[in-house]
Amino acid sequence: MRLATWNVNSVRTRLPRIIDVLNRHDIDVLAMQETKCSEDQFPRDAFTDAGYEVAVSGTNQWNGVAIASRVGLTDVHTLPHQPGFSKELTAEQAIEPRSIAATCGGIIVMSLYIPNGREISNIHFTYKLRFLDAVRNYAATAVDNDPELRLALVGDWNIAPHDTDVWDPQFFVGHTQVTPRERNALTALEDEGFTDVTHNSGYTYWDYTAGRFGRNQGMRIDVQWASPALAENAGEVSVYKDERAAKGSSDHAPLIVDYDGV
């Protein structure tokens, strides 16, 4: 199976490019983040015409996740016990569309858009850590219940796992995405037996500002984490930087893994 994850930064804006990537790179399953539309606004027909079923979670122009699959799409669900968020601690904590999962060709694929965290002192950072803890609990429970489960947790994690995953570690000192607390949340996934099968992919994100892409000043924040039973099938890993180089592109590039024998 060829599984891709891509923060598309608006599915409607990038639709022709997304369909082109699906066809040109022969992708079986695509997990998308930042679709930025409600479920009613999602362009399902374009994916159907291309031979893909879709599962979507979206409410408005913010966040949003989806999965497109040409190898089956069943048992659709979202992250259990996903925390909500509100700027006001006393207000209702709304559940944002940041997770969607489905069984695709024998693999459970969960598309995740982890909260950015904004600033270390911001309550959004606490929200991010709570969200990551919910992901860990989901992963641990799933594998405990079935050690042979093939589960892929993929998406925009908004965390650079190591200093080598950012263009200049000193530039990010005091900012989110590189703090020990965020990275420890990823270590907790490793402790549950999950493997970052894309650890050698190189950068997957380049900010639009300051000519970051042209200078290759990027970050590796898009990751595919595989359960023990799936990690052993992980093969070639590719980041298609040409998609980021094109005019009108997302600020992320597609990250693709070939899972052999699946």
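Buried means under 20% relative accessible area, with exposed over 50% and partly exposed in between, using a 1.4 Å probe and protein chains only. Helices (H or I, at least four residues) and strands (E, at least two) are DSSP runs, numbered from the N terminus.

Quick note: this is a predicted model, where local features need pLDDT of at least 70, side-chain atom pairs count only at pLDDT 80 or more, and totals for chains, interfaces and linings use all residues. Residues are numbered from 1 along each chain as its sequence is written, and side-chain values use heavy atoms, leaving out hydrogens and water.

Back to β7. One side has I107, V109, S111 and Y113, the other has I108, M110 and L112, and all are buried.

Who are the neighbours? Strand β6, residues 99–104, pairs with β7 in the antiparallel sense over six bridges; strands count as paired if DSSP finds at least two bridges between them. A101 has M110 as its bridge partner. The two strands form a hairpin with two residues between them, and G105 in the turn has a positive phi of about 55°.

β8 runs parallel to β7, joined by six bridges, and V109 stands opposite A152.

Now, helix α4. Its buried residues, including L186 and L189, pack against α3 (123–145), β8 (151–156) and β10 (222–226). After α4 comes G193, with a positive phi near 100°.

How values were computed. Contact means heavy atoms within 4.5 Å.
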